[in-house]
Amino acid sequence: MKLFIYGTIKRGQCRADVMTGQKFLGSAKLVPMYKMFNLGQFPALVKMPGLDNGPMIEGELWEVDEDCIRRLDMIEGTPSFYRRQEVQVAGQEAESLYVESYLYQGDISDSEDVGVSWDDSMIRQ
């Protein structure tokens with residue numbers, strides 16, 4: 001399965017070891033209909049209905065096996081905290097690719113918009 005990741009699981013971040021043994025396909029960006037928010041220890045990706053000119057969230061595209069998906073589902077609190085859903089990755093020359101990612105299911109009303117990219121330096125103590 002192809003998976004878009006955008007936060008603490010990316011290469012070089014605090015939970016990157018979860019991806020050991022999986023295939024990194026490269027950097028990727030989502031089409032501009034999503035926003036990312038800071039929840040303190042990790043980011044929240046949210047689809048914004050009607051948003052078609054928002055930021056292009058940056059992350060990584062991976063090919064992952066079923067064992068990895070099971071581990072990630074546990075880490076992400078699927079399906080109540082995060083839900084694994086289809087997202088649209090921007091492609092070359094207006095082509096796009098649909099893959100899965102983890103979208104936050106909670107309230108983001110008091111959360112700071114972090115723009116297009118997350119790294120562990122954004123973790124609030």
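A: Start with the ground rules. This is a predicted model, and residues are numbered from 1 along each chain as its sequence is written. Local features need pLDDT of at least 70, side-chain atom pairs count only at pLDDT 80 or more, totals for chains, interfaces and linings use all residues, and side-chain values use heavy atoms, with hydrogens and water left out.

Now the pattern. Along the sequence it reads β-β-β-β-β-α-β-β-β. That is one helix and eight strands. Helices (H or I, at least four residues) and strands (E, at least two) are DSSP runs, numbered from the N terminus.

The structure holds six salt bridges. The term means a side-chain nitrogen of Lys or Arg within 4 Å of a carboxyl oxygen of Asp or Glu. Side chains of opposite charge can pair when their charged atoms come close.

Take K35 and D113. Their side chains meet in a salt bridge, at 3.8 Å from N to O. K35 lies in strand β3 (residues 34-38) and D113 in strand β8 (residues 112-113), so this pair ties together parts that are 78 residues apart in sequence. K35 is partly exposed, with a relative accessible area of 24%. D113 is also partly exposed, with a relative accessible area of 34%. The cut-offs are these: buried is under 20% relative accessible area, exposed is over 50%, and partly exposed is in between (1.4 Å probe, protein chains only).

Two bridges join β3 to β8. Two strands pair if DSSP finds at least two bridges between them.

Next, R70 and D67. They form a salt bridge whose closest N and O atoms are 2.3 Å apart. Both residues lie in helix α1 (residues 66-75). They are three residues apart, about one turn of the helix. R70 counts as partly exposed at 49% relative accessibility. D67 counts as partly exposed at 43%.

Then R84 and E100. This salt bridge spans 2.8 Å from N to O. R84 is in strand β6 (residues 82-90) and E100 is in strand β7 (residues 96-104). The two residues are 16 apart, and the pair links distant parts of the chain. R84 is partly exposed at 25% relative accessibility. E100 is partly exposed at 24%. Salt bridges that share partners join D73, R84 and E100 into one network.

Other strands pair as well. Strand β1 (residues 2-5) and strand β5 (residues 58-63) run antiparallel, joined by four bridges. I5 has E60 as its bridge partner in β5. Strand β2 (residues 23-29) also pairs with β5 in the antiparallel sense, over six bridges. There, K23 stands opposite E63 in β5.

Now the core. The largest nonpolar core has 34 residues. Such a core is a set of buried Ala, Val, Leu, Ile, Met, Phe, Trp, Tyr and Cys residues joined through side-chain atoms within 4.5 Å. The residues with the most contacts inside this core are F4, M19, L30, Y34 and L72. β1, β3, β4 (43-47), β5, α1, β6 and β7 each supply at least two residues of it. β7 gives the most, with four residues. M19 touches I5, I9, W62, V64, C68 and L72, not counting residues up to four places away in sequence. Contact means heavy atoms within 4.5 Å.

Last, the whole chain. Buried residues make up 41% of the 125 residues. Of the contacts with a separation of 6 or more, 69% come from residues 24 or more positions apart. The C-alpha atoms fill a box of roughly 40 × 35 × 25 Å, taken along the principal axes.
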